[in-house]
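Subject: Handover of a structural model

Dear colleague,

Please find below the model that I am passing on to you. I would be grateful if you could read the notes after it alongside the coordinates.

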Amino acid sequence: MAGVSAKSDGPMSKTRQELLQQQIRAIKNELGENDDDEDDVVSLEKKMQEAAMPPNVWKHAQRELRRLRKMQPQQPGYGTSRTYLELLAELPWKIASEEHEVDLAAAKVRLDSEHYGLSKVKKRIIEYLAVRKLKPDARGPVLCFVGPPGVGKTSLASSIAGALGRRFIRISLGGVKDEADIRGHRRTYIGSMPGRLIDGIKRVGVNNPVMLLDEIDKTGTDVRGDLASALLEVLDPEQNKTFNDHYLNVPFDVSKVVFLATANRMQSMPAPLLDRMEIIELPGYTCEEKLRIAVLHLIPRVLEQHGITNEHISIPEATVELIIQRYTREAGVRNLGRHLAALARAAAVKVAEKEQSVRLSREMQTEMIYHGAQGLGAAAAEADMEEEAMGIREKEIIPLATKPDPLLVDEVVLDTVLGPPKFDGREAAERVATPGVAVGLVWTEVGGEVLFVESTAMLGKGDLHLTGQLGDIIKESAHIALTWVRARSAELKLPVAEAGSLMKERDIHIHFPAGAVPKDGPSAGVTLVTALVSLFAKRNVRADTAMTGEMTLRGLVLPVGGIKDKILAAHRCGIRRVILPERNRKDLQEVPAAILKNMEIILAKRMEDVLHQAFEGGCPWKPASRL
């Protein structure tokens with residue numbers, strides 16, 4: 001026994017190992033337990049061969065496969081290694097969607113049918129498609145659509161994918177801070193996985209999709225890395241040919257992917273990231289454009305989503321105009337769609353109640369006929385039942401009208417369903433009815449907005465108080481505005497007593513409603529000066545006038561951005577006069593002609609020009625020196 005034990009403890013020969021393995025397989029087959037692990041590895045290897053990997057990747061995959069063969073399924077790293085090899089086998093290394101020839105005429109028709117207006121944006125997209133048609137392998141620019149929410153940025157990207165005949169995938173980057181979401185986790189970590197880029201390409205199954213990087217301006221930075229810096233390699237055509245995902249650990253060519261991006265604002269994006277993209281701005285819609293969008297797109301979509309038709313609800317164009325003017329002041333059309341959906345729900349309730357009453361009426365009539373037949377004799381009842389059934393089949397039970405009258409949406413229905421109007425068009429006139437208030441125009445990430453600047457004076461020590469959750473830039477503009485007004489008090493012919501006490505005996509308080517909304521930027525410079533002059537001169541600013549522009553300490557009016565959005569915001573609020581910097585004249589070409597026709601645009605070079613147009617009858621002053 002000792003000899004046998006010593007012999008069994010020693011190393012077994014290769015022949016003995018094979019014999020024991022055959023015996024184990026035979027025993028498992030008799031027990032009905034098939035050993036599929038080896039077969040799975042063989043099928044995985046076959047799948048990897050069919051993936052047509054590049055030579056360097058295939059060499060790396062074979063090395064990983066040899067390691068997997070030596071491991072037992074119970075070992076901790078077996079599942080991780082197997083998952084990694086399955087990813088290598090599933091990636092489309094050579095699989096590309098067959099791109100049909102770009103039909104520019106069909107692309108124009110599709111863009112016009114899916115998006116109303118946006119002529120400048122559509123023209124740039126057609127140019128982009130024309131270049132792809134002449135040179136399919138061209139490294140085109142990365143288009144970044146920048147604009148307020150609800151103007152169609154994401155749907156434009158989908159239209160480009162349809163025109164190119166490629167598959168479309170959207171990756172949302174809003175709120176993402178971890179760099180591993182783009183580059184992936186290293187396989188040494190528990191729960192590691194590839195980045196969103198590689199995972200999206202694996203899910204779409206081709207290496208040349210149209211990939212939309214949505215909300216690219218809302219990425220963050222923390223201890224886990226800088227996501228915007230990780231995107232630099234992805235969007236650079238000189239680097240993304242060998243994009244290296246940390247989980248993949250081998251280069252993958254993403255240069256064939258058509259990258260598109262969307263953002264609400266450019267200010268929050270780093271300059272190197274902006275340098276790798278071509279910015280295409282999408283401004284807000286005019287009231288006329290919103291009306292056409294609602295009639296052509298929103299109303300049909302809302303009715304379909306709520307299971308009703310035009311036979312159940314009627315929304316005239318005049319009612320849509322009332323919704324736009326009284327209930328929405330956004331740059332996009334999302335709130336307009338929500339209000340239309342509320343009207344559709346009201347009509348759906350009416351239709352459902354009508355159908356329920358019709359069904360109950362039919363059941364009651366049938367039950368009455370049945371009980372009436374039971375009261376007769378057996379034979380007579382059967383005859384009467386047959387005769388009654390024949391009569392019912394011939395002329396049917398007369399139900400209530402199943403086709404209800406359509407719900408005609410008028411002002412009364414709007415007040416009932418949507419509540420009282422949120423905007424009445426008299427806000428500017430009411431708030432500028434006292435001295436010290438001026439109307440400004442600012443640009444935000446949700447489009448242009450009308451901003452009221454309020455100022456007041458009180459006994460004090462000459463301090464300046466600012467409220468309204470303001471940033472550093474707008475605070476500096478307020479100090480510059482007060483300094484300019486104090487220096488020009490005599491020229492502006494302010495009351496002598498008040499002019500002499502501007503610096504010593506009075507505190508100035510400037511407030512920017514609404515206080516819960518953060519505000520910053522230089523666009524309120526001229527508005528602050530106008531509000532202060534109105535306060536000290538005790539003269540009201542014209543209620544039909546809004547203004548925007550940055551001011552220097554010498555009184556020069558400097559240009560600002562977002563002119564189209566600001567003019568559209570003024571038009572939505574019923575303001576018909578807008579004062580702009582002279583150097584923003586070129587930006588008026590982007591404003592729709594219909595808007596310019598209904599508004600008076602005043603261009604100013606100096607602060608004196610702004611004051612002259614802001615007050616009824618002008619604002620007197622001495623001739624200023626031109627420094």
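This is a predicted model: local features need pLDDT of at least 70, side-chain atom pairs count only at pLDDT 80 or more; totals for chains, interfaces and linings use all residues.

Residues are numbered from 1 along each chain as its sequence is written, and side-chain values use heavy atoms, with hydrogens and water left out.

The chain contains 24 helices and 20 strands; these are DSSP runs numbered from the N terminus (helices: H or I, at least four residues; strands: E, at least two). Of its 627 residues, 43% count as buried (under 20% relative accessible area, with exposed over 50% and partly exposed in between; 1.4 Å probe, protein chains only). Taking contacts between residues at least 6 apart in sequence, 78% join residues at least 24 apart, where contact means heavy atoms within 4.5 Å.

Helices α19 (residues 472-487) and α21 (residues 525-537) have axes that come within 9 Å and cross at roughly 45 degrees. The axes are lines fitted to C-alpha atoms over the stretch in contact, and angles run from 0 to 180 degrees between N-to-C directions. Residues making the contact include Ile 474, Ala 478 and Trp 484 of α19, and Leu 528, Leu 532 and Phe 536 of α21. By class, the contact of α19 with α21 has eleven nonpolar, two polar and no charged residues (Ala, Val, Leu, Ile, Met, Phe, Trp, Tyr, Cys and Pro count as nonpolar; Asp, Glu, Lys and Arg as charged; the others, Gly among them, as polar).

Asn 264 sits in the loop between β8 (258-263) and α12 (271-275) and is buried, at a relative accessible area of 6%. A polar atom of the Asn 264 side chain lies 3.0 Å from the backbone oxygen of Gly 147. Asn 264 and Phe 145 are 119 residues apart in sequence, yet 8.3 Å apart in space, C-alpha to C-alpha.

Arg 124, in helix α7 (residues 119-134), is buried with a relative accessible area of 18%. Beyond its neighbours within four places in sequence, Arg 124 is in contact with Pro 141, Leu 143, Glu 278 and Ile 280.

Ser 97 belongs to the loop between α5 (76-90) and α6 (104-114) and counts as buried at 14% relative accessibility.

Yours sincerely

Notes:
A polar contact is a pair of N or O atoms within 3.5 Å; within protein, one must be able to donate a hydrogen and the other to accept it, and residues adjacent in sequence count only if both atoms are side-chain atoms.
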